[in-house]
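Below is a short briefing on one protein model, grouped by topic. Please keep the sequence and the coordinates at hand while reading.

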Amino acid sequence: MSARRVMSSEPSGALAWDNVISVKDLAVHFPIGGGFLTPKLFVHAVEGVTLDIPRGSFFGLVGESGSGKTTLGRAMLKATPITRGHINYTDEEVSYDLAEIGKLELKDYRKRAQLIFQDPYAALSPRMTVRDIIAEPLEVMGLTENRQETDQRVREIAAKCRLNLEHLRRFPHAFSGGQRQRISIARALVSNPRFVVADESVAALDVSIQADVLNLLKSLQKELGLTFLFISHDLSVVAHICDHVAVMYLGRLVETAPTRDLFAAPRHPYTKALMSAIPSLDPDNRGKAQKLEGEIPSPTNPPPGCKFQTRCPHAIDICRKEEPKLEHLGLEHDVACHRWKELADSLAPAPA
Amino acid sequence: MTLLNVENLTLEFDTDEGRITAVDNVSFTLEPGEVMGLVGESGSGKSVTAKSIMKLNPENAVYAPGSKIELAIGNEQIDAMSLKTSRDMKVVRGGAVSMIFQEPMASFAPAITIGDQMVEQLLLHKNMTKKEASNLSVEMLERVGISDAPKRFKQYAFELSGGMRQRAMIAMALSTSPKLLIADEPTTALDVTIQAQVIDLMKDLVAEFGMGIIFITHDLGVIAQTADKVAVMYLGRIIEQGLVREVIRTPAHPYTQGLLHALPNLEDLDAPLTPVPGDIPSPLERPRGCVFHTRCPVAMAGRCDAEVPQMQNVGPDHWTACFAVEDQRMAS
């Protein structure tokens, strides 16, 4: 049995659940094509990812479409089959290895880990009242004894997400995008999860509303002691809300660091390119950004060596042959690049 | 000569729930070679405004009398409001005016090759043989940076990546050499690194072809990088317009200020994100007076909710419609 109770009385136990999620050498492959006569091919959506998500952190996962960020997030929720490797989930009560989790344990895990979707227009059933939408997880998982208790719980969480009693009686179509996203958040949090994956949860919202939802997520995280995995393509949003950031490219982790370190001194050429591609608000600062050529290669046919070599302005021979390993370069800052040191030195101011 | 002159454009939609005002008294002009950004949130009427130039709005659209859209094509002055049948509109649609849409996958026909679609519109609008049209199409695909253009020419939209599809869309829109290009959120569905490439490409093409562009987006960063002037829309009305530099550096209207504050600032990671309070009202419950007064931090009761503020000059080539700004200028 893979589940074990962590003894909370044990003093050394405290360290054991420092990380809510601990991913080790994870691979997720999806079969594509392949029929009676043609060989089966695999998309390596996530390959060799090792990552720790500290308890109580707001962890950002950034990458372009096709980078595998959503698949990695789903694997952490056991919403996609795991091909290789391990994902350990630990809280003060239980510890699971998601790669080998059993059916009953998975049911329990669903309470503890939840997902907030991207599109608040598609995620809510138009035929259910807001109260029923938020109450559904409680009823399905059988978390409450009776209707009173369910109502009580729904009202509590709705109030935390700034929805009032009047809102609960209405149907989703009557709400704006920001309000709908607050309903989705209430639904995700109603089962009292410890770990929440927010997949592009503000991408569909207008800027003026986006800030409001981000602030709400952040305050809920503090109030309820949650750990968030915030998946986004928008580095500027991640910079503001997350305390840790991991950058993905073509299924690989290329750089991970505390937000401040990453933005002060990005080491991977891809991270640098991503940052400089954010359109500057300064009309006089046009076209100074370092531009990347080409597009992200297809994950069915990834290039050999470093996956970024086809677009990297610094690629040399070794990059085309050998895949770089994630290297530890200081306090929690990891990077997977053959030339990070060399490039960092060449950028450093010359000694006087 | 002014390429496009829109005056007092007011457009309403007849729906089951009543008449919805989508565009309210919008006026602007565009010169050849000029890029104008049209910024606003969803429901602000920016797309509807642009579509009315090509008369692409659905049947239930009612243009108020007095609305004026004039296009100068060569020496000809075209009054877009007088175009009734789709045959009349051929001059405008795809001919003098081209449009690029947000979702390139949705705007290409899935079962016709990219090449056939490009050739088809050239045959419709230009006096060309099929051979000439194919050659021009391949050339345009190369111009927008698509490698292996002859091969791509024969492929279907699903065989291209997102960035390449958007490039093909741009190539197609420009192949008829339009005088005016309407780009409706052309980079929103793209990844940032691809967005940067497409923005660069569009800037190059303006310099080369010299057409006017209306660039619709919700992203002020994209506007700062591409446009010469900008109009900020809210609930169907232009609330501020002027040179990009002026509007972004010294925003006058409380809504524009709010929008800029709500953007995450990479220079200062500690700065709190300040949302514009409240939600956009439903178009069915359009506020009286200034459309923004329900969310405005400086709204004055009895004035902003009763009277409509008029556009006034607040700086070199910079206008806004706000009573608070008006009072401030009077006082100083």
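Into which domains is chain B divided? Chain B is divided into domain 1 (110–177) and domain 2 (259–331), with bounds that come from an automatic or database domain assignment. The C-alpha centres of these two domains of chain B lie 43 Å apart.

This is a predicted model, in which local features need pLDDT of at least 70 and side-chain atom pairs count only at pLDDT 80 or more, while totals for chains, interfaces and linings use all residues. Residues are numbered from 1 along each chain as its sequence is written, chains are lettered from A and ligands numbered from 1 in the order in which they are written, and side-chain values use heavy atoms, with hydrogens and water left out.

**Chain A overall**

- Chain A has 13 helices and twelve strands, where helices (H or I, at least four residues) and strands (E, at least two) are DSSP runs numbered from the N terminus.
- The radius of gyration of chain A is 22 Å, close to the 20 Å that the globule rule gives for 352 residues, so chain A is as compact as a globular protein of that length; the radius is taken over C-alpha atoms, and the rule is 2.2 Å times the number of residues to the power 0.38.
- Of the 352 residues in chain A, 53% are buried (under 20% relative accessible area; exposed is over 50%, partly exposed in between; 1.4 Å probe, protein chains only).
- Residues 24 or more positions apart account for 65% of the chain A contacts with a separation of 6 or more, a contact being heavy atoms within 4.5 Å.

**Aromatic pairs**

- Eleven aromatic pairs are counted over all chains (rings of Phe, Tyr and Trp, the last by its six-membered ring, with centres within 6.5 Å; planes under 30 degrees apart are stacked, over 60 edge-to-face, the rest tilted).
- Tyr270(A) and Phe308(A) form an edge-to-face pair, 5.2 Å centre to centre with 65° between the planes.
- Tyr270(A) lies in helix H11 (residues 269–276) and Phe308(A) in the loop between H11 and helix H12 (317–321), so the pair ties together parts of chain A that are 38 residues apart in sequence.
- Both Tyr270(A) and Phe308(A) are buried.
- Tyr234(B) and Phe292(B) are also paired edge-to-face, at 5.1 Å and 85°.
- Phe58(A), Phe228(A) and Phe230(A) are linked by ring pairs into a cluster.

**Charges over rings**

- The charged end of Arg170(A) sits over the ring of Phe175(A), 5.4 Å from its centre (NZ of Lys or CZ of Arg within 6 Å of the ring centre and within 35 degrees of the ring normal).
- Lys55(B) lies over the face of Tyr63(B), 5.7 Å from the ring centre.
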